[in-house]
Amino acid sequence: MNLTQEQKEKLNAQLDQWIEDHREEYIKDVSDLCRIRSVSEEAAGDKPFGEACHEMLMASFRLAESYGFRTKNYDNYCGSAIYGDNPNGDSIGIIAHMDIVPEGNGWTHDPFDPYLSEDGKYLFGRGTADDKAPAMVGLYAMRFLKEHGIKLKNDVMLVFGLNEEKGSADMPEFLKREKAPKWSLVPDSKFPVGYAEIGFIRAKFAIPGVGDELVDIHGGEATNSVPDRAYAVVSGCTVEQVREKLGGMDRITVEEDPKGVRFLATGNSQHASRPAGAVNANHVLAQALLKAQVLHGKTREAMELFEKLTSHYYGEDLGISCEDEISGKLTCVFTWVRKEEGKLILEPDIRYPVTADQKFLMAALPENAKKMGLEILDLSNNPAFSFPLDHPVVEKLIEVPREVLGMPDIPPIVLAGGTYARSLPNAVSFGVTVPDRVRLFGFEKGGAHQADEYGDIPNLMRSIKVYVRTLIEIDDIVAAL
């Protein structure tokens with residue numbers, strides 16, 4: 001509905017008071033959810049994403065039901081909490097994910113024992129930024145509507161996803177079991193609105209010819225994070241020999257292992273969509289293995305290729321580098337490596353600009369990969385998408401945050417990361433990061449997928465206000481779609 005200025009002022013005053021009154025309760029709810037290590041894993045019986053994600057789903061249901069919302073379980077793939085009674089089940093979706101990336105290393109505090117800063121402004125813990133605290137912004141927006149008797153034409157459906165960090169396999173299952181929302185907001189980005197998202201290429205490569213001297217190699221836990229740790233075990237050498245060759249090489253340590261020598265590499269993790277400034281532990285490891293001269297023949301050649309592939313982030317060696325004005329450079333980060341059956345198995349994170357020539361990329365990538373000596377085990381395209389900025393819903397999603405946050409010039413954005421928006425019809429990312437968010441540690445840590453991840457409590461509170469206003473103001477537009 002279109003609110004008059006008088007209605008906006010009254011609603012804003014109600015929101016400011018209600019949000020302040022519920023601040024501590026919000027922090028407690030987020031903290032309770034962030035104590036669950038809900039990393040999406042292999043299926044366990046009727047739990048498609050493992051025991052921890054199922055525990056997370058049950059906790060989300062209990063919380064939503066405690067506030068009077070009805071819930072639905074979609075065979076444990078995900079679940080929802082619903083406010084409203086639209087006779088046709090038409091809804092506005094808030095699609096959040098409750099799964100997380102692994103904690104990684106370098107935390108100041110226990111990542112699963114959320115810690116509030118002394119000034120009460122910052123809540124530290126895995127999931128406090130990505131994406132449990134944003135999910136609770138959606139739940140608290142629904143609470144405000146319910147507790148103030150504000151009825152919309154559409155239902156509001158908060159979806160608790162469980163597999164966003166591992167490929168969003170939950171969303172196709174959701175759509176098989178539930179009527180898709182008429183429009184969906186994904187609180188997994190920055191205000192005002194992500195009207196476009198870059199494309200993804202899912203790939204899995206192998207480098208053959210790896211001998212038994214490379215006993216084991218392990219780098220990366222989630223393909224969408226630049227790894228901060230990697231290790232390899234090599235036989236046929238001693239720690240003393242290796243240390244002599246490495247000298248004082250940074251970011252590498254070696255130790256005895258029952259099967260030889262264990263190389264331990266450290267890097268500097270960042271989200272794979274923003275690799276500039278990161279240090280890929282896989283690259284550090286490859287450099288150390290080559291410098292130590294512990295690999296020979298085909299095994300050394302395989303490691304030389306791996307070292308080359310991990311040395312940069314923009315796809316030059318694979319002949320796919322490109323960029324455009326609205327979304328920047330293609331990124332290609334080799335984040336994941338294992339040894340299987342005499343081969344190095346590699347899974348890169350590849351993201352390409354919105355306007356890139358997809359047919360060219362999907363033809364050039366396998367051709368050039370084969371020339372380099374890579375076997376292609378898997379290759380698929382997840383296309384880029386965009387909405388016109390003059391779409392009536394998108395226009396409102398730009399207008400409301402600008403007004404509520406007092407930031408009249410914040411521009412709509414193109415996301416370098418992927419969100420659930422690409423998995424649903426009529427969906428865009430919408431907050432909840434506020435553009436002036438303070439970065440306590442620069443870009444070294446504190447953000448999504450990094451050590452000491454934190455939620456910015458004052459801005460999360462502002463985000464609840466943005467969401468309430470937005471749900472009210474897009475309701476008529478969505479109902480008319």
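This is a predicted model: local features need pLDDT of at least 70, side-chain atom pairs count only at pLDDT 80 or more; totals for chains, interfaces and linings use all residues.
**Entry 1: S429**

I started with S429, which sits in strand 22, residues 427–429. Is S429 buried or exposed? I found S429 buried, because its relative accessible area is 0%, and the cut-off for buried is under 20%. Next I looked up what S429 touches, leaving out residues up to four places away in sequence. The list runs V186, S189, V193, G194, E197, L415, T419 and A421.

**Entry 2: P134**

I then went to P134, a residue of helix 4 (residues 132–147). P134 is buried as well, since its relative accessible area is 3%. Setting aside neighbours within four places in sequence, I see P134 in contact with T128, A129, P187 and V432. I also checked P134 against I464: they are 330 residues apart along the chain, and their C-alpha atoms are separated by 9.1 Å.

**Entry 3: helix 11 and helix 1**

I464 took me to helix 11, where it is one of the residues that meet helix 1. I looked up how helix 1 (residues 5–21) lies against helix 11 (residues 457–479): their axes come within 10 Å and cross at roughly 140°. That angle makes helix 1 oblique to helix 11; for the record, over 145 degrees would count as roughly antiparallel. The crossing of these two helices is right-handed.

From helix 1, I listed K8, L11, N12, L15, D16, W18 and I19 at the contact. They meet M461, I464, K465, V468, R469, I472 and E473 of helix 11. By class, the residues of this contact are eight nonpolar, one polar and five charged.

**Entry 4: helix 11 and helix 2**

Helix 11 also packs with helix 2 (residues 23–34), so I looked up that pair: the angle is about 105° and the axes are 11 Å apart. Helix 2 and helix 11 are therefore roughly perpendicular to each other. Which residues meet here? I noted R23, Y26 and I27 from helix 2, against I457, L460, M461 and I464 from helix 11. This contact divides into six nonpolar, no polar and one charged residues. I464 turns up here and in the helix 1 contact, and so does M461, listed with helix 2 and with helix 1.

In what order do its eight strands lie? I read the order as 13-14-12-11-17-18-10-19, in an open sheet with antiparallel pairing. Strand 13 (252–257) and strand 19 (375–382) are the edges, each pairing on one side only. On average, neighbouring strands of this sheet are turned by 15° against each other, direction ignored.

I went through some of the pairs one by one:

- Strand 12 (residues 229–234) and strand 14 (residues 260–266) run antiparallel and share six bridges; A230 has A265 in strand 14 as its bridge partner.
- Strand 11 (residues 214–219) and strand 12 run antiparallel with five bridges; I217 stands opposite A232 of strand 12.
- Strand 10 (residues 199–208) and strand 19 run antiparallel with seven bridges; here K204 has D378 in strand 19 as its bridge partner.

**Entry 5: helices on the sheet**

Staying with strand 19, I looked at helix 9 (residues 358–372), which packs on the sheet and touches strand 10, strand 18 (343–352) and strand 19. The direction of helix 9 makes about 170° with that of strand 19. I also looked at strand 13, where helix 6 (residues 239–246) lies across strand 13 and strand 14. Helix 6 runs at about 170° to strand 13.

**Entry 6: a hairpin**

I looked up strand 1 (residues 70–73) and strand 2 (residues 78–83), which pair in the antiparallel sense over four bridges. R70 has I82 in strand 2 as its bridge partner. How many residues lie between the strands of this hairpin? I counted four, and D75 takes a positive phi near 55° in this hairpin.

**Entry 7: E301**

My last stop was E301, in helix 8 (residues 297–309). E301 is partly exposed, because its relative accessible area is 45%. That value lies in between the cut-offs of under 20% for buried and over 50% for exposed. I also checked E301 against M249: they are 52 residues apart in sequence and 21 Å apart in space, C-alpha to C-alpha.

Methods. Residues are numbered from 1 along each chain as its sequence is written. Side-chain values use heavy atoms; hydrogens and water are left out. Axes are lines fitted to C-alpha atoms, for helices over the stretch in contact, and angles run from 0 to 180 degrees between N-to-C directions. Angles under 35 degrees count as roughly parallel, over 145 as roughly antiparallel, 65 to 115 as roughly perpendicular and the rest as oblique. A crossing is left-handed if the near helix is turned anticlockwise from the far one by less than a right angle, and right-handed if clockwise. Contact means heavy atoms within 4.5 Å. Ala, Val, Leu, Ile, Met, Phe, Trp, Tyr, Cys and Pro count as nonpolar, Asp, Glu, Lys and Arg as charged, and the others, Gly among them, as polar. Two strands pair if DSSP finds at least two bridges between them. Buried means under 20% relative accessible area, exposed over 50%, partly exposed in between (1.4 Å probe, protein chains only).
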